[in-house]
Amino acid sequence: MPQQLAIIVLVDVGNALTSNTLDGNTYLFDNMKLHGSENQGTDGLVTAIHGSYWRDGSQASEQVLNWLPYSLGSIPPTVPRGYEVERARQSDEQALAELQDLAAKSTVPSADAAAELNRIRKTVGTRVKTTRRTRGRMSGQKVVDITGQVVTEDATAAASYPAPVITDIYGEAVDAKIMYPAEYGSPDMVTDGWYWSASVDTSRPGTYSYTMRIQLHRLAQTNGELRWDPVNLTCSSALKITSEPRRNAFTKAGIGQLPIPTTPPAQRG
């Protein structure tokens, strides 16, 4: 079975949108830190890939990579998927309760009643307008901040950004047919049902760069309506393929037969 390596793509979405670049606003990690990966936690990650070989030197299996994008400073991906919908429902119920209370107290129109009604209208939040590019999970939902509070019209800067979306992987490693990336459907709810994966040819050692096209979303307000506008940026990384699987991770021995005793240890009891 191919080995599986995960590459975390953590994006500071707020700063990336402000500076309009992922340079310095992306933090890449993989699970090969102790096996040669370089520049962990930066936007210049070089992922170490050790090929697996048979004793005659032929390739035994390809490497499989999985990219997992997350947003820094947003609602954690481990929060249940229906959390935002539940918070919106709760804010609607609170607004209805306040309206009923206001109706019971105010039998005639007044300035105080109008001010209270305006306050309720502002705190109930605003649903994001559905556009052709934002259909799906972000459509028609209220915007919440990282604490789960509904964002009002006057406090959109506190909004929790949607997770980044990888829309393409290309570059030297793909052109040279070193890796074959594609997007796959998944039952994993954390990744919204989609993830990028690639098989890597480990028979050709070397360092190969690649680029990820990542889509972020900026909260825009036009004519009193909120919507998530897509912003496409790019981030580069690299693979460092070696042909040095020359030691066993458990025995630290070199290639060759494992030091398995010729006779089994004595049975206890």
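These legends accompany views of a predicted model of a protein chain.

**View 1. Overall fold of the protein chain.** The predicted chain holds 4 helices and 11 strands. It runs to 269 residues, and 37% of them count as buried. Contacts between residues at least 6 apart in sequence were also examined: 61% of these join residues at least 24 apart.

**View 2. Accessible surface of the protein chain.** The accessible surface is about 15,800 Å². Carbon and sulfur atoms account for 53% of that area.

**View 3. The aromatic pair Trp67 and Tyr210.** The count of aromatic pairs comes to 3. In one of them, the ring centres of Trp67 and Tyr210 are 5.7 Å apart. Their planes meet at 70°, so the pair is edge-to-face, the cut-off for that class being over 60 degrees. Trp67 sits in strand β6 (residues 63-71). Tyr210 sits in strand β10 (residues 206-222). The pair therefore ties together parts that are 143 residues apart in sequence. Trp67 and Tyr210 are both buried.

View 4. Helix α2 spans residues 83-105, 23 residues in total. From first C-alpha to last, α2 reaches 33 Å. That is close to the 33 Å expected at 1.5 Å a residue. Buried in α2 are Arg87, Ala88, Ser91, Ala95 and Leu102. An α-helix has 3.6 residues a turn, so residues three or four places apart point the same way.

How values were computed
Residues are numbered from 1 along each chain as its sequence is written. This is a predicted model: local features need pLDDT of at least 70, side-chain atom pairs count only at pLDDT 80 or more; totals for chains, interfaces and linings use all residues. Side-chain values use heavy atoms; hydrogens and water are left out. Rings of Phe, Tyr and Trp (its six-membered ring) pair if their centres lie within 6.5 Å; planes under 30 degrees apart count as stacked, over 60 as edge-to-face and the rest as tilted. Helices (H or I, at least four residues) and strands (E, at least two) are DSSP runs, numbered from the N terminus. Buried means under 20% relative accessible area, exposed over 50%, partly exposed in between (1.4 Å probe, protein chains only). The expected span of a helix is 1.5 Å times one less than its number of residues. Contact means heavy atoms within 4.5 Å. Accessible areas come from the Shrake-Rupley method with a 1.4 Å probe; for residues, only the protein chains shown count as cover.
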